[in-house]
Amino acid sequence: MSDNNYGTIVKDGLWEQNVVFAQMLALCPTMAVTTSGTNGLGMGLASTAVLVVSNILVSIIRKTVSDQVRIPVFVVLIATLVTIVDLAMNAWVHELYKVLGLFIALIVVNCAILGRAEAYAVKNGVLASAADGLAMGIGFTGALTVIGLVREFLGSGTLFAQASQMLGPAFAFLEVQIPDYGGALLMILPPGGFAVLGFMLAGKRIIDQKLAARGEAAAAPATA
Amino acid sequence: MSLDTLRDKLGYQPLLLGVVALLASAALAVVSSATAPAIAAAEAKDLRDSLSDVLPAGLADNDFLKDTVDIDRDGKMVTVYRARRGGELQAVLFKVAERGYSGEIQVLMAVDMDGRTLGVRVLKHTETPGLGDKVELRKDDWVLDFNGKSLGDPAPEKWAVKKDNGVFDQFAGATITPRAVVKAVKGGLAFYAARKQDITAGSGS
């Protein structure tokens, strides 16, 4: 894991080690917020910000912190960061906070952040850790947004509803409403979340198997 | 002594934890005091917006956020906001709460001097999305049915959802949520009727 190759970092974050689809971390916030694409995107972006900063800080202090107390130190660090983000957003971007506020506190229970601190930042330099946080965060955001969009599409018949409230009026074009579709309520409720996640995990596995098979086919003649 | 050897000493661990906790508390204290005024202002604005929502436009010309009276209701203090025009009391606004299907439903209501509801809004709830959340105005205009209703109109036994032989609609698949809101509003009107003297007393500031 102490690979400082940025290509690998990005590939790991987006696909190979994707927080949701590969590591299966952060499932609690994932299930809770992916009732719409906008919610997923918002939670993803907020988590990414915290993840990058926490990775940088952990990487900076990694030589000072001893193994025995590193977990409580990281937990305090992450909880402090999240609280600061929560307070700052409440004070200065209150409109956005009203949409996202619920999710900010949820970031504390996002084990992906502690996971990255433990698995990567504590063993790597500041720049690489920042890149890892960013890549993991974007992978997480992508996963949440996709799950959210599928659930929203099947459940409410909309796409990116209320996106303009969160991102500003310029993003109103994202909002799509399918006419004359009542929606399948199940998809908005927790079972729908598990169902969508399950199908996506299966889909990722199929793609990975296809890729692996193609890789073997390509490698076979070369070694022969 | 190098950092590596120092790091494994017993005294180093609690010291490090202590320093980290101290720094974290200091950072939180600074941020908290720096953001407190802005947060208070934003929350006051939110409250003003939601109060203005249930009050018909132009009914009040005072700052009803400042003209309040705290009334004891079954051991709990309820803050009543008083809307005036030209010093004359026009309406009072207060929050009521009732247990819904999954947790408390908070309802804000405005009542005029004759005990008629001017407006009702659900402020906060954790009801099932798609079923119970039709009590929100942006999902359904059901909550507007309360406008103009008073304790005598409809009759007390009709203050219920249709399933319970009342006048208010329930939702397909969700009876408990609207039932709770009806009960909350009825309770609010009864509270106003019982405590009208205390609520309207005093000129306020």
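**Domains, interface and nonpolar cores**

Chain B is divided into domain 1 (3-48) and domain 2 (55-200), with bounds that come from an automatic or database domain assignment. The centres of domain 1 of chain B and domain 2 of chain B, taken over C-alpha atoms, are separated by 41 Å. The model is predicted, with local features needing pLDDT of at least 70 and side-chain atom pairs counting only at pLDDT 80 or more, while totals for chains, interfaces and linings use all residues. Residues are numbered from 1 along each chain as its sequence is written, and chains are lettered from A in the order in which they are written.

Between the chains, 20 residues of chain A are in contact with 20 residues of chain B, contact being defined by C-beta atoms, placed from the backbone, that lie within 7 Å. Helix H4 (residues 70-92) of chain A provides the largest share of the side of chain A that touches chain B, namely 11 residues; helices are DSSP runs (H or I, at least four residues) numbered from the N terminus.

The largest nonpolar core has 43 residues, and A:Val19, A:Phe140 and A:Ala143 are among those with the most contacts inside it. Such a core is a set of buried Ala, Val, Leu, Ile, Met, Phe, Trp, Tyr and Cys residues joined through C-beta atoms within 7 Å, where buried denotes 20 or more other C-beta atoms within 10 Å of a residue's own. Helix H2 (12-54) of chain B is one of the helices that each supply at least two residues of this core, whereas H7(A) gives the most, with 10 residues.

Definitions and conventions: Contact = placed C-beta atoms within 7 Å. Buried ≥ 20, exposed ≤ 12 C-beta atoms within 10 Å, placed from the backbone.
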